[in-house]
Amino acid sequence: SARRALSRGEIKDALLSYESQAREAEATATKSSSPEAHWKTAAAAYSQAARAARISGQLQKAIAYGQKALEAAEKLKNPELWLSANEQLLLAYRSLNNFDKSRELLEKGLVVVKEIPADTYTRVAWEANLYDKIGQDLMRRRDYEKAIDAFSQCIYLSEDRLTRAYS
């Protein structure tokens, strides 16, 4: 993963690897008669490339790869891949202090997460993640009452997720 590569001082190598994997999968997908698996690989690799680029401080590259990951996930109509790509994009925009774009991506995420079947561990985890980020955004905007509501929703969902994990 990108974090492991960073801890070993190999983030640039990881970024090159993810870039290569993503471009190769995308090229194969465009030529394939059944491109779904290749688009899935491309979306995941572009998401990892976005994470590695963001971690290494290459924020414009992180945004470009995050966008490519979103596009691939949209082709597949895969909400989980979309949410993963979206998270990398919103973190990159947040790093650039573009909080309006970050908030826009959070709001889109709340719509997309509804495409995941209700009452599943995956949906609950993604919803909790989104409400946590919304709470952080509201705190930054000094809208404390709404932030409390968002964090409360995050806590409720996190408790639900833990109950599911240990039941």
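Good morning. I begin with the largest cavity, whose lining consists of Leu-83, Asn-86, Glu-87, Leu-90, Trp-126, Asn-129, Leu-130 and Lys-133. A cavity here is a set of points, on a 1 Å grid over the protein atoms alone, where a 1.4 Å probe fits but cannot get out, and lining residues have an atom within 4 Å of a point. This is a predicted model, in which local features need pLDDT of at least 70 and side-chain atom pairs count only at pLDDT 80 or more, while totals for chains, interfaces and linings use all residues. Residues are numbered from 1 along each chain as its sequence is written, and side-chain values use heavy atoms, with hydrogens and water left out.

The space in this cavity is about 30 Å³, volume being the space filled by probe spheres set on grid points that are joined across faces, edges and corners. The structure holds one cavity of 30 Å³ or more. Helix 5 and helix 7 each contribute at least two lining residues; helices are DSSP runs of H or I with at least four residues, strands are runs of E with at least two, and both are numbered from the N terminus. By class, the lining has four nonpolar, two polar and two charged residues. Nonpolar covers Ala, Val, Leu, Ile, Met, Phe, Trp, Tyr, Cys and Pro, charged covers Asp, Glu, Lys and Arg, and the others, Gly among them, are polar.

Turning to the fold, the chain contains eight helices and zero strands. Buried residues, those under 20% relative accessible area with a 1.4 Å probe and protein chains only, make up 42% of the 167 residues.

What does the largest nonpolar core contain? It has 43 residues, and those with the most contacts inside it include Leu-15, Trp-82, Leu-83 and Leu-89. Such a core is a set of buried Ala, Val, Leu, Ile, Met, Phe, Trp, Tyr and Cys residues joined through side-chain atoms within 4.5 Å. Leaving aside neighbours within four places in sequence, Leu-89 is in contact (heavy atoms within 4.5 Å) with Ile-63, Gly-66, Gln-67, Leu-70 and Leu-105.

Finally, Ala-69 lies in helix 4. Ala-69 counts as buried because its relative accessibility is 0%. Not counting residues up to four places away in sequence, Ala-69 touches Ala-43, Tyr-46, Ser-47 and Ala-85. Between the C-alpha atoms of Ala-69 and Leu-105, 36 residues apart along the chain, the separation is 14 Å.

Key: Buried means under 20% relative accessible area, exposed over 50%, partly exposed in between (1.4 Å probe, protein chains only). On a 1 Å grid over the protein atoms alone, a cavity is a set of points where a 1.4 Å probe fits but cannot get out, and a pocket is an open set with protein on both sides within 12 Å along at least five of seven lines; lining residues have an atom within 4 Å of a point.
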